[in-house]
Amino acid sequence: MSGALSRFRFMAYVVGVGLLLLVVAMFVKYVGDNSGMMAVVGPVHGFLYAVYLVFTVDLALKARWSLKGSALVLLAGTIPFVSFYAERKVVESVKEERAL
């Protein structure tokens, strides 16, 4: 389970940072009228989020999370800063061997 947790933690941080970059890219696109950054960051974040989903489902199955807990952690990658909070809570729950 430690491998699944490590992969999840890494991707949670990567997706969190990517989401913050996506917000900056959206700001540049709509305020600065320049879509160049969005054209790069958007697809990269989308791909990384898909990887995050796979690693999260893998950990959820191994840790036997509830459907609700799994869904909340999956959605955490869509709201800025929430993936960082979710990562902390997931690490705590896995180390204490309790399900989400």
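Select Phe81 and you are looking at an exposed residue, with 57% relative accessibility (buried means under 20% relative accessible area, exposed over 50% and partly exposed in between, with a 1.4 Å probe and protein chains only). Before going further, a word on what you are viewing: this is a predicted model, where local features need pLDDT of at least 70, side-chain atom pairs count only at pLDDT 80 or more, and totals for chains, interfaces and linings use all residues. Residues are numbered from 1 along each chain as its sequence is written, and side-chain values use heavy atoms, with hydrogens and water left out.

Phe81 sits in the loop between α3 and α4 (helices are DSSP runs of H or I with at least four residues, strands are runs of E with at least two, and both are numbered from the N terminus). Check its backbone: phi is about 75°, a positive value, although Phe81 is not a glycine. Why is that worth a click? Because most residues other than glycine have a negative phi.

Now jump to Asp33, in the loop between α1 and α2. Phi is positive here too, near 55°. Asp33 is exposed, with a relative accessible area of 72%.

## Stop two: α1 against α4

Colour helix α1 (residues 2-31) and helix α4 (residues 82-95). Two packed helices are described by the angle between their axes and the distance between the axes. For α1 and α4 the angle is about 170° and the axes are 9 Å apart (axes are lines fitted to C-alpha atoms, for helices over the stretch in contact, and angles run from 0 to 180 degrees between N-to-C directions). That makes the two helices roughly antiparallel (the word for angles over 145 degrees; under 35 is roughly parallel, 65 to 115 roughly perpendicular and the rest oblique). α1 passes α4 in a left-handed crossing (left-handed if the near helix is turned anticlockwise from the far one by less than a right angle, right-handed if clockwise).

Show side chains where they touch (contact means heavy atoms within 4.5 Å). On the α1 side you'll find, among them, Leu5, Phe8, Ala12 and Leu20, and the α4 side includes Phe84, Val90, Val91 and Val94. The residues of this contact split into eleven nonpolar, two polar and three charged (Ala, Val, Leu, Ile, Met, Phe, Trp, Tyr, Cys and Pro count as nonpolar, Asp, Glu, Lys and Arg as charged, and the others, Gly among them, as polar).

## Stop three: salt bridges

How many salt bridges does the structure hold? There are five (each a side-chain nitrogen of Lys or Arg within 4 Å of a carboxyl oxygen of Asp or Glu).

Start with Glu87, which pairs with Arg9, the closest N and O atoms being 2.5 Å apart. This pair links distant parts of the chain, with Glu87 in α4 and Arg9 in α1, 78 residues apart. Is Glu87 buried or exposed? Buried, at 0% relative accessibility, while Arg9 is partly exposed at 28%. Arg88 is partly exposed, at 39% relative accessibility.

Next, select Arg7 and Asp58, whose closest N and O atoms are 3.2 Å apart in another salt bridge. Arg7 lies in α1 and Asp58 in α2, so the pair ties together parts 51 residues apart in sequence.

## Stop four: α2 against α3

Select α2 (residues 36-63) and α3 (residues 67-75), whose axes come within 10 Å and cross at roughly 155°. These helices are therefore roughly antiparallel, and their crossing is right-handed. Tyr49, Tyr52, Leu53, Thr56, Val57 and Ala60 in α2 meet Ser70, Val73, Leu74 and Leu75 in α3. Those contact residues comprise eight nonpolar, two polar and no charged.

Zoom in on Thr56, which is buried with a relative accessible area of 1%. Besides neighbours within four places in sequence, Thr56 is in contact with Phe8, Trp65, Val73 and Leu74.

## Last stop: the start of the chain

Finish at Met1, in the segment before α1. Met1 is partly exposed, with a relative accessible area of 48%. Leaving out residues up to four places away in sequence, Met1 touches Leu59, Lys62, Ala63 and Val94. The C-alpha atoms of Met1 and Ala63 are separated by 7.6 Å, though the two residues are 62 apart along the chain.
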